[in-house]
Amino acid sequence: MMGSIMTIVKTNAWLGVAIVVISIGLYQFVEPAPPREITMATGGRDGYYHALGTYLKDGLQSEGVELNLVLTAGSGENMELLTDPDSEVSVAFIQSGMEQVFDLGETTLASLGGLYYEPIWLFYRRAIELDSAWDLKGLRVAVGAKGSGVRAVVEYLMAENGLPDAGDGLVPVEAGGKNAVDLLRAGEIDAAFFTVSPLSKTIQSLIDMPEIDFLDIRRSEAYAARNPFLSSVSITEGLLDLEHNIPPENRTTLASTATLVVNDRFHPALTPLVLDILAQRLREGGILERPGEFPSTRNVGISLTKEAEHYLEQGPSFLMRYLPFWAASLVDRLVIFVVPLLVIVIPLIKLAGPLYRWRIRSRIYTWYRHLQETERKFVEGKIENPKEEVHRLDMLTEELASLDVPLSYADELYELKEHIAYVRGRLVSGQGI
């Protein structure tokens, strides 16, 4: 029995080596496990970026992932952190359109999808009688704080209208948020751009000022057609304040899309988990967003990752629906390793049986070859020492008696013994031994 086992082991040793080599090769295609800690750039503490980041932090924490939030001035600073090789930030909220005005250098960024609309408002003092962007020439206009997304996009749009920041253009004032609201109230600036939700405190404080109004951007469809990262959104009558009917008529404005952007430090396996958590917050929609409209593939500006595209089109995977995240991630990575391994190894294993049978039969055939040569020499009278040949056949019989073969090959072994006895008998009788 032990001899059979050793024969099997020796015969199929190549299979073990092949499995090890194939496993090492396939392992190179298996991604490492997702990290337990990631860093995200959000925005100001009172902004919706940070609020959404906090919601995501709580959701990830329940799945065993720690999310570190970095407060910033907005999309501009977030882009800087994403493209900084020394930064730990791997994911950030970015206003669509930033890719048009920001130099990415050698950094490759990708989007996980759009999250909600960010209207671009132009509030101005009514005394100015502003009718279009061209009327901003020579006016003091708050274009957003340094590092903010609104500043970058406004500069881009003003350039399209032939309104540079100097000379014959508007007079830019580096201010945004509450600071810009205070400047408008005090009359220190004539107009200000904002990128905030219609329900934000900023908008509510502005519409409470009778001397302040916002511009109806009549050419919003043209802007959106020329710039895929923009959308034309309707601010319907009474949307901002039903009691006081603000605005008093339907108006339109432009909107960028708040997007989630990642760099190559972000592990792709975290994509469905992050999007699933945010989808729970966004699925009911908002004052401008329809229920279920976000997360979305539209107006994101930066190309989606394949994982995000799959999630946004197909939803969470089968494993994500029924298993905890870490279990689903482990199974997903094992599938990438195990399935190809089985596809290659199973046919190789099927060769093990035939190879073992070939090994046993090859030994039996070797003895038959010797027996055949002995009988031929006997017939041709070429055996010089018959006793020595008989002794050799006796030794072969003893060797076969100690040979351990599987029962399935016992008949072949006994046939060989009979044939040895037959040839030995011919030698003995023919030579008179």
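Predicted model: local features only at pLDDT ≥ 70, side-chain atom pairs only at ≥ 80, totals over all residues.
Modeller: Residues are numbered from 1 along each chain as its sequence is written, and side-chain values use heavy atoms, with hydrogens and water left out.

Biologist: Okay, why is T253 called buried?

Modeller: Buried means under 20% relative accessible area, exposed over 50%, and partly exposed in between, using a 1.4 Å probe and protein chains only. T253 has 1% relative accessibility, so T253 counts as buried.

Biologist: And where does T253 sit?

Modeller: In strand 10, residues 251–262. Strands are DSSP runs of E with at least two residues, helices are runs of H or I with at least four, and both are numbered from the N terminus.

Biologist: What does T253 touch?

Modeller: Contact means heavy atoms within 4.5 Å. Leaving out residues up to four places away in sequence, the partners of T253 include P119, I120, W121 and I217.

Biologist: What makes D182 and R185 a salt bridge?

Modeller: The term needs a side-chain nitrogen of Lys or Arg within 4 Å of a carboxyl oxygen of Asp or Glu. The closest N and O atoms of D182 and R185 are 3.1 Å apart, and the pair forms a salt bridge. In general, side chains of opposite charge can pair when their charged atoms come close.

Biologist: How do you know that D182 and R185 are about one helical turn apart?

Modeller: They're 3 residues apart in helix 7 (residues 177–186), so about one helical turn separates them. D182 has a relative accessible area of 31%, so D182 is partly exposed. R185, at 43%, is partly exposed too.

Biologist: Which parts of the chain does the R424 and D394 pair tie together?

Modeller: First the bridge itself: the closest N and O atoms of R424 and D394 are 2.5 Å apart. R424 lies in helix 15 and D394 in helix 14 (residues 386–401), so the pair ties together parts that are 30 residues apart in sequence.

Biologist: Why is D394 called partly exposed?

Modeller: Because D394 has 25% relative accessibility, and partly exposed lies between the buried and exposed cut-offs.

Biologist: How many salt bridges does a search of the whole structure find?

Modeller: The search finds 17. There's also a network of salt bridges linking R126, D213, E249 and R251.
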